[in-house]
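Q: I would like to go through this model with you. Could you take my questions one at a time?
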Amino acid sequence: MVVSALSFLAGLMLVQQFPTLPDVKWLIVGGVLAGIIAWLRYWRCLFFVVGVLWAIVFAMHRLSDRLPEQLEGVEVQVTGTIADLPEQDEKRVRFDFIPRDGVYAANPSGTGAAIPRDGVYDAGQSGQQLPAKLRLSWYYPDQPIKAGQQWVFTVKLKRVHGTMNPGGFDYERWLFTEGVGATGYVRPSPKPVLLGRDSAWGSISVCRQSITDQLSSALGNSASLALIKALTIGDGNSVTQEQWEVFRKTGTTHLVVISGSHIGLIAGLVYFLMLKLWAWTGWLVWSPQKVAAVSAVLVAIFYSGLAGFSVPTQRSVVMLSIAMAAIILQRNSRPFNTLSIALFAVLIVDPLAVLSAGFWLSFLAVSVIVYAVSGRLGKLGPVWGAIKINGVTSVGLSPLLLLFFQQVSLVAPLANLIAVPVISLLVVPLSLLAAIIMFILPTLASKLFFLVDTVLQGLWWLLAHLAEIPMASINHVLPSYWALLFAVPGILLLLAPVGIPARWLSLVMFLPLVFTDVKQPEAGDINMTLLDVGQGLSAVVQTTHHLLVYDTGAKFSEHSDMGQSVLLPFLRSQGVAKIDSLIISHGDNDHIGGAVSLMRGISTEKILTSVPQQLSEYAPIECAAGQSWLWDEVKFTMLAPRQAFVSENDNSCVLKIQSKHGTALLAGDIEAAAESWLVETYGEALKADVLVAPHHGSKTSSTSGFLQAVQPGYVLIPAGYRNQFGHPHKDVLTRYRQVHALWLNSADSGAIVVNVKNNVLAVRGMRQTESKYWNIK
């Protein structure tokens, strides 16, 4: 059973490596092959082939429910229901929206003029159906947005598209696994119309909304409100970035979300209590074990419903149901067989679960615990048992944590030893009890919440201090797959029973994982990565022993910016410990927005900027023409600003990077005036092999005279997908072609990597080299 389940899993995983899905004809070939293998009774091979076929069929179905390209940028009038708890920040509210049938587009020409329904462009009648789920943003809404509300919106949609960077979060993959077929925003005109709201008992999302509203009312401004919401209904939208950072550093993130451990613990408590209570009643028509098992499954389903039936809770319910079914049917099953059946069930229902880090962490955690605890001689007490399980999971999950997050917490065993029993045995049960009774016994619920709040504040104080310990967590370069192949058997050997010979070899097998390193450029070579930060700019330049960051992308809210979501993950994936020089070209949000998060997350030695007043607390140096330095046989020269222009864009820091193999020019947001000054001042000295397009390729920049002076071989355009400014402008692209420059747009190419070495210039876009079938090409 175990090998069959792993074969099925391997088939699913193989498909997730495909850049494109095969044609339907290959499904027929695969079906014939599966029939032949079944006839020959090669069952394990059959499970592999069936896994491949099932993954392809499921992916084809999911991809068919995406927005047609013809509807991008078209104003669509849509009627539907807000599917789940919305995410709110100071600028916008974001939510999943389920449209009804019969959706009508407004003006397909994009002019915005309303068209009568009779005889107009009908998304349904024309065959251009909208996806079953949309993810919408409403900027500065004038009404409260609640789950279960029914609205009529006029929206402008686009295909699912996210930034693509090394080490970064694949937003398109996440939307794909969540079944979201399009994203967009609500148009303020015509004014959105609220039609009503679903019955509170007719929708799980409405029940969750009622609970979160009641919690906000009961707890007011409590510092623990966000954590209580996360632990009772799985609503982590209010948890701040600072809180998440503490949980990451202490390895306790899994305790903040409703995960398998929470579901399993609550179900276990219910099982134990019902077992004792039913036996005490003496009514043995049904055995206490069966009653306790059924009760545990029902409570697990209820708790999962409170969490919105998120994918991790679904997996937990499936695994628990299979384990309880063995008790109900009085079957003596082996733990790994039960786990294998659960794996089958989860992957049949959702084969895309293999794309989630949570899937691997949850199943591996259970597997490691079963391997290290079951079938061993001698029984550990509850204290030593908890210590052993914490140690086992910390060691066993470390390779995956490095793979997914490039970070491992060294204080996690201690933090979890304290936090797990506090959260699992006290906070979660009391919070659930209070949430259930607060509608009928609000006074008692308030007292319970006060107790929970006090406990959480004490626990937070402890975790915050643990996170401040030097080396509380370590960041490490992304490990190679061959290093993982050594680490996994190393874990099995390390956790093997005492008496197994040569267990010390496990430490040797961990060495490739620990000493994984990133190949650095040779002296005189340059690695430059224009990161995909949407409508903004951020570039990272690496030499042999130094690193420079030029601009940091935009800031969207107090809890979201490109420094946190793109730059830091990229630098961690490259094993970067410090930034030697950070250049902020000017003060526009799309260039300076991520700077503070970046500097808080990684040591930064020197800051150069044209707006030192905006970063005064970090002691920046004002950039000016003539500044120059040499790193590893690579010369960096600041060409501008020398004089003050009226436009802040024209005052951008302009940097030229020269090596014996090639030259790059980074020009910020300069426009025609600054470009003309640069040409007059430097002339042919502006010539560069690579030009980062000034001002994102706007029509007020990249003038013909400037391009004639630079004569770039490549132009890299930092622009957002279908951005509102129309960057890059078609006239600018024409001018690039006139100077015979090849151009790449980060919106279409993702992160663009430039390698300058041995007099050879290699330029490649991440979407062209590393995209998968769910990514927009």
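Q: To begin, how many bridges join strand S11 to strand S12, and do they run parallel or antiparallel?
A: This is a predicted model. In it, strand S11 (residues 526-530) and strand S12 (residues 539-542) run antiparallel and are joined by four bridges.

Q: Which residue in S12 stands opposite Asn527?
A: Gln542 stands opposite Asn527.

Q: What is the order of the strands in the open sheet?
A: The order is S18-S17-S16-S13-S12-S11-S26-S27, eight strands with mixed pairing. Strand S18 (621-622) and strand S27 (760-765) have a single partner strand each, so one side of each is left without a neighbour in the sheet.

Q: And which strands does helix H19 lie across?
A: Helix H19 (residues 562-573) lies across S11, S12, strand S13 (547-550) and strand S16 (578-584). Its direction is at about 20° to S12.

Q: Changing topic: which residues of helix H24 are buried?
A: In helix H24 (residues 730-738), the buried residues are Val732, Leu733, Arg735 and Tyr736. They lie on the same side of H24 because they cover an arc of only 155° around the axis. The exposed residues Lys730 and Gln738 are on the face turned away from that buried side.

Q: What covers the buried residues of H24?
A: The cover includes helix H23 (704-710), strand S24 (714-717) and strand S25 (742-745).

Terms used. Residues numbered from 1 in each chain as written. Predicted model: local features only at pLDDT ≥ 70, side-chain atom pairs only at ≥ 80, totals over all residues. Heavy atoms only, no water. Pairing = 2+ DSSP bridges. Helix = DSSP H or I, 4+ residues; strand = E, 2+ residues; numbered from the N terminus. Contact = heavy atoms within 4.5 Å. Axes fitted to C-alpha atoms, helices over the stretch in contact; angles between N-to-C directions. Buried < 20%, exposed > 50% of the residue type's maximum accessible area, 1.4 Å probe, protein only. Arc of directions from axis to C-beta.
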